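Take a look at the model below.

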Amino acid sequence: MSQSAFEKIGGDKAADKIVILFYSKVLQDPHISHFFDEIDIIAQIAHQKKFLKYALCEMPYPGKSLRKAHEHLNLDESHFDAVIDHFKETLTEVGLPTHTITEVMAILRATRDDVLNL
């Protein structure tokens with residue numbers, strides 16, 4: 001049985017580190033940080049870890065759909081790209097192999113239309 005992308009990034013323990021590092025980058029980015037001004041960041045981190053596990057295990061997510069969760073934010077492609085870039089930087093920074101980063105990023109990029117409500 002082949003490993004899921006979630007297992008390839010190191011599972012739950014690695015996901016904790018990745019998501020915390022990712023949000024440290026997002027919250028420092030003036031182009032997208034304002035989307036988190038009224039958000040409980042601790043709850044957001046927990047939510048993101050849960051979503052990441054489902055997405056990278058390619059399982060149906062039991063929470064709100066990506067469209068529903070993002071519809072009120074008026075996001076555009078530059079916002080999506082900033083988030084994706086920060087995630088890729090994070091995966092690189094934690095030392096994941098290029099082929100794993102490529103696999104994970106393909107899965108995350110596939111969410112573009114849903115996140116942007118296209």
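Helices (H or I, at least four residues) and strands (E, at least two) are DSSP runs, numbered from the N terminus. This is a predicted model: local features need pLDDT of at least 70, side-chain atom pairs count only at pLDDT 80 or more, and totals for chains, interfaces and linings use all residues. Residues are numbered from 1 along each chain as its sequence is written, and side-chain values use heavy atoms, with hydrogens and water left out.

Start with D12, which lies in helix α2. D12 has a relative accessible area of 46%, so it counts as partly exposed. Here buried means under 20% relative accessible area, exposed means over 50%, and partly exposed lies in between (1.4 Å probe, protein chains only). D12 touches F6 and K53, not counting residues up to four places away in sequence. Contact means heavy atoms within 4.5 Å. F35 is 23 residues from D12 along the chain, and their C-alpha atoms are separated by 26 Å.

Next, see how α2 meets α3. The axes of these two helices come within 10 Å and cross at roughly 130°. That angle makes α2 oblique to α3. Axes are lines fitted to C-alpha atoms, for helices over the stretch in contact, and angles run from 0 to 180 degrees between N-to-C directions. Angles under 35 degrees count as roughly parallel, over 145 as roughly antiparallel, 65 to 115 as roughly perpendicular, and the rest as oblique. The crossing of α2 and α3 is right-handed. A crossing gets that name if the near helix is turned clockwise from the far one by less than a right angle, and is left-handed if anticlockwise.

Which residues of α2 and α3 make the contact? From α2 come D12, A15, D16, V19, I20 and Y23; from α3 come I41, Q44, I45, Q48, K49, L52 and K53. Seven of the residues in this contact are nonpolar, two polar and four charged. In this scheme Ala, Val, Leu, Ile, Met, Phe, Trp, Tyr, Cys and Pro count as nonpolar, Asp, Glu, Lys and Arg as charged, and the others, Gly among them, as polar.

Q48 sits in helix α3. Is Q48 buried or exposed? With a relative accessible area of 15%, Q48 is buried. Q48 touches V19 and Y23, leaving aside residues up to four places away in sequence.

Now turn to α5 (residues 77-93) and α6 (residues 98-109). Their axes come within 11 Å and cross at roughly 160°. The two helices are therefore roughly antiparallel to each other. Their crossing is right-handed. On the α5 side, F80, I84, F87, K88, L91 and T92 take part, and they meet I101, V104, M105, L108 and R109 of α6. This contact divides into eight nonpolar residues, one polar and two charged.

E93 also belongs to α5. E93 touches L21 and K25, not counting residues up to four places away in sequence. I41 is 52 residues from E93 in sequence and 21 Å away in space, C-alpha to C-alpha.

V104 touches A5, I9, L56, F87 and L91, not counting residues up to four places away in sequence.
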